[in-house]
Amino acid sequence: MSGRPIKAWSVLLTLGLMLLPFTSFAADPGIPAVSVASDEKGGTVYTLSLQIIALMTMLTLLPAGLMMLTAFTRIIIVLAILRQAIGLMQAPSSQVLIGLALFLTFFIMAPVFDRIFDDAVKPYVAEEIELGVALDRAQGPLRQFMMGQTRETDLSMFAEISGNKDLESADAVPFSLLIPAFITSELKTAFQIGFLLYIPFLVIDLVVASVLMAMGMMMLSPMMISLPFKIMLFVLVDGWSLIMGTLASSFFV
């Protein structure tokens with residue numbers, strides 16, 4: 001019984017000895033951890049500590065940005081509606097649908113990501129521009145993509161709610177207004193595509209249910225009979241290629 005506390009104390013002592021160099025380094029008053037200065041051009045220069053904190057904060061928002069500011073929302077909703085329309089509750093699984101949506105999103109957003117990398121990330125890594133300038137440059141390609149997929153009615157609605165009715169151009173639209181308008185437009189488009197996908201499968205369900213009722217087999221579930229026909233129809237028309245091609249082309253119209 002006495003060996004356990006001795007072992008715990010030894011581990012704590014070892015960790016304390018390992019952290020001693022870092023505590024002495026942090027206590028050195030000659031190295032400012034947090035400071036803000038002005039450069040020769042009148043801009044603001046932040047220390048590396050503040051830049052790392054800002055970068056880590058942005059990384060925590062990366063999943064939300066990937067889902068809400070890209071093509072991911074429309075794709076995953078359409079795939080989920082498609083699975084529901086066919087009648088397969090667990091096939092493909094949610095993990096497979098998310099994987100398909102994620103890689104199709106990378107395919108669609110590849111030109112946008114390439115422009116962001118060339119205009120903002122590469123110059124910032126080469127220390128040619130500051131962090132603020134890099135963020136401003138990164139907004140351009142993303143703003144152009146989002147504006148191309150956003151309806152004017154949604155922009156007008158959120159502009160009226162926020163009180164920004166006098167917007168001269170698309171560049172004057174703030175991100176706080178563009179993001180909810182873009183998300184609303186994506187939801188509308190996704191449900192419109194899902195409605196069109198649902199119709200042929202709904203027709204099959206109605207036909208099978210009518211035939212079963214005419215035969216007096218009301219105790220038999222129509223889903224059991226219609227499911228093989230819906231799968232066969234989807235396979236015969238090469239459904240996955242049509243769905244993926246339609247979703248990808250809908251962003252380039």
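Biologist: Which helices do the buried residues of helix 10 pack against?

Modeller: Please keep in mind that this is a predicted model, in which local features need pLDDT of at least 70 and side-chain atom pairs count only at pLDDT 80 or more, while totals for chains, interfaces and linings use all residues. Residues are numbered from 1 along each chain as its sequence is written, and side-chain values use heavy atoms, with hydrogens and water left out. In helix 10 (239–249), the buried residues are Gly239, Ile243, Leu247 and Ala248, where buried means under 20% relative accessible area, exposed over 50% and partly exposed in between, with a 1.4 Å probe and protein chains only. Through contacts (heavy atoms within 4.5 Å), these buried residues pack against helix 4, helix 5, helix 8 and helix 9.

Biologist: How wide an arc do the buried residues of helix 10 fall within?

Modeller: The residues concerned are Gly239, Ile243, Leu247 and Ala248. Seen down the axis of helix 10, they line one face of the helix, because the arc, taken from the directions from the helix axis to the C-beta atoms, is 155 degrees.

Biologist: How many helices and strands does the protein chain have?

Modeller: Helices (H or I, at least four residues) and strands (E, at least two) are DSSP runs, numbered from the N terminus. Read along the sequence, the chain follows the pattern α-β-β-α-α-α-α-α-α-α-α-α. The count is therefore, under that definition, 10 helices and two strands.

Biologist: Are helix 4 and helix 10 roughly parallel or roughly antiparallel?

Modeller: Helix 4 (residues 72–86) packs on helix 10 with the axes 11 Å apart and at an angle of about 155 degrees, where axes are lines fitted to C-alpha atoms, for helices over the stretch in contact, and angles run from 0 to 180 degrees between N-to-C directions. The contact is made by Ile75, Val78, Leu79 and Leu82 of helix 4 and by Trp240, Ile243, Met244 and Leu247 of helix 10. Angles under 35 degrees count as roughly parallel, over 145 as roughly antiparallel, 65 to 115 as roughly perpendicular and the rest as oblique. The angle therefore makes the two helices roughly antiparallel.

Biologist: Which residues of helix 7 are exposed on the other side from its buried ones?

Modeller: In helix 7 (residues 152–162), the buried residues are Asp154, Leu155 and Ala159. They cover an arc of only 130 degrees around the axis, which puts them on the same side of helix 7. The exposed residues on the other side are Thr153, Glu160 and Ile161.

Biologist: Which residue forms a salt bridge with Asp154?

Modeller: Asp154 is buried, at a relative accessible area of 2%, and a salt bridge is a side-chain nitrogen of Lys or Arg within 4 Å of a carboxyl oxygen of Asp or Glu. In this pair the closest N and O atoms are 2.7 Å apart. The partner lies in helix 8 (residues 175–214), so the pair ties together parts that are 34 residues apart in sequence.

Biologist: What relative accessible area does Lys230 have?

Modeller: The side chains of Lys230 and Asp205 meet in a salt bridge at 3.3 Å, N to O. The pair links distant parts of the chain, with Asp205 in helix 8 and Lys230 in helix 9 (residues 222–236), 25 residues apart. Lys230 is buried, and its relative accessible area is 0%.

Biologist: How far apart along the helix are Lys122 and Asp118?

Modeller: Their side chains meet in a salt bridge at 3.7 Å, N to O. Both are partly exposed, Lys122 with a relative accessible area of 45% and Asp118 with 42%. Because they are four residues apart in helix 5 (residues 94–125), their separation is about one helical turn.

Biologist: Which residue other than glycine has a positive phi near 55 degrees?

Modeller: Most residues other than glycine have a negative phi. The residue in question is in the loop between helix 9 and helix 10 and counts as partly exposed at 45% relative accessibility. Its name is Asp238.
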